[in-house]
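Welcome, and please open your viewer. We will go from stop to stop, and at each one you will hear what to select and what is there.

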Amino acid sequence: MKRILSIDGGGVRGIIPAMLLAELEAQSGKPVSELFDLVVGASTGGILALGLVAPHPHDQTKPRYTAEQFLGFYKEESHEIFDKSLFFKITRGIFTSRYQARALEKALKKYFGHTMLSEAIVDIVVPSYELQGRFTAFFKSRDIHTKKIERDVEMRDVARAASAAPTYFIPKKIKEYPGANFIDGGVFANNPAMCAYAEAKDVFPGEELLIVSLGTGNPQLTIQFEKFRTWGLLSWAKPLWYVLSDGSSDVVDYQLKFVLPDQEKSKRYYRFQIELLQPGTEKLDDGSAQNINALIKLGQELLDSRQQDIRELCKQLIK
């Protein structure tokens, strides 16, 4: 059985799947790169996925970070990454992206250096969307190894392209793709688990699959009719992102429950998700210490409520 990991997008809420992966590593005694045969991540899930398959500089067969260590990306860098520019504060985002990309790119350089996508110690897929040609783009380490494509790219460029959420960050240009402009893959696959399933069916033909899908929290953003009935383009811009990403994520979960039904002695599909009931925790871009702590608390609640499933999953992963 081939083991597939899929991680949703969700900005700073990537803390939640990072905590669950840290728990899997702690219980199994193995890094994520040894627990899974294929890793797929969208947006912040792509950053997390890349972090866990990046090679150690002194041992290319070992991961550079544990999941616990990569939590530092969210705890230590989020405040700087999500620091609104003065121009945005003045114009309220009408004329510019919400955040400058310099802090994000600095953090990605710190964590990934010049590591290339081809160096991933486990096959990885990170979706993005290219604006110029208007097509879905999948950055795949396997395609480089099999010579399907000749262009290798730095992990930090893939992470930046995959997390360039519209209105939050400007699109990413990558020198290996002249003329291309990449944005967040979450616009079409915020929950990339079905993309992971399709990739696995192609890469591992005839193999049974175990898919582990990690959410970043399910927002409970209520929009009152009295408000949205008069909204125009500007008013819809922010909530529409939540509506589209959450809706598509739920659809993928619905589909995979039918595609991979439980077997008599084991499950073939796990989905770990938690409701975001506390106001404010649904935000993708709140890097304040207060919100970081709130998300850590939610991550712990998820671990506590799904202890039995986590134990059963660990048994399957190390079997």
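Let us begin at a single residue. Select serine 43, which is buried at a relative accessible area of 7%; here buried means under 20% relative accessible area, exposed means over 50%, and partly exposed is in between, using a 1.4 Å probe and protein chains only. Serine 43 sits in the loop between strand 2 and helix 3 (44-53). Its phi is near 55°, a positive value in a residue other than glycine. Helices (H or I, at least four residues) and strands (E, at least two) are DSSP runs, numbered from the N terminus.

A word about what is on your screen. This is a predicted model, in which local features need pLDDT of at least 70 and side-chain atom pairs count only at pLDDT 80 or more, while totals for chains, interfaces and linings use all residues. Residues are numbered from 1 along each chain as its sequence is written, and side-chain values use heavy atoms, with hydrogens and water left out.

**The whole protein**

Now zoom out. The protein has 14 helices and 11 strands. Of its 319 residues, 55% count as buried. Contact means heavy atoms within 4.5 Å. Among contacts with a separation of 6 or more, 75% are between residues 24 or more positions apart.

Next, select lysine 147, in the loop between helix 7 and helix 8 (155-162). Lysine 147 also has a positive phi, of about 65°, although it is not a glycine. Is lysine 147 buried or exposed? Lysine 147 counts as exposed, at 58% relative accessibility.

Then move to tyrosine 99, in the loop between helix 5 (86-91) and helix 6 (102-112). Tyrosine 99 is buried, with a relative accessible area of 2%.

**Strands side by side**

Select residues 2-7, which form strand 1; five of its six residues are buried. Two strands pair if DSSP finds at least two bridges between them. Which strands pair with strand 1? One is strand 8 (residues 209-214), which runs parallel to strand 1 and is joined to it by six bridges. Arginine 3 stands opposite leucine 210, and serine 6 has serine 213 as its bridge partner. Another is strand 2 (residues 38-41), also parallel, with four bridges to strand 1. There, leucine 5 stands opposite valine 39.

Stay with strand 8, where six of six residues are buried. Look along the strand: Leu209, Ile211 and Ser213 point one way, while Leu210, Val212 and Leu214 point the other way. Strand 8 also runs parallel to strand 10 (residues 269-272), with four bridges between them.

**The nonpolar cores**

In soluble globular proteins, nonpolar side chains tend to be buried together. A nonpolar core is a set of buried Ala, Val, Leu, Ile, Met, Phe, Trp, Tyr and Cys residues joined through side-chain atoms within 4.5 Å. Select Leu21, Leu24, Phe70, Phe73 and Phe112: of the 75 residues in the largest nonpolar core, these touch the most other members. Helix 1 (residues 15-28) gives the most to this core, with eight residues.

Centre the view on phenylalanine 70. Leaving aside neighbours within four places in sequence, phenylalanine 70 is in contact with Ile47, Leu48, Gly51, Leu52, Tyr65, Tyr111 and Phe112. A second, separate core has 16 residues, including Val125, Ala200, Val203 and Phe204.

**A pocket to finish**On a 1 Å grid over the protein atoms alone, a pocket is an open set of points where a 1.4 Å probe fits, with protein on both sides within 12 Å along at least five of seven lines; lining residues have an atom within 4 Å of a point. Select Phe135, Ala137, Phe138, Ile149 and Tyr177, which are the closest to the centre of the second largest pocket among the 17 residues that line it. About 280 Å³ of space lies in this pocket, where grid points are joined across faces, edges and corners and the volume is the space filled by probe spheres set on the points. Strand 6 gives the most to the lining, with six residues.
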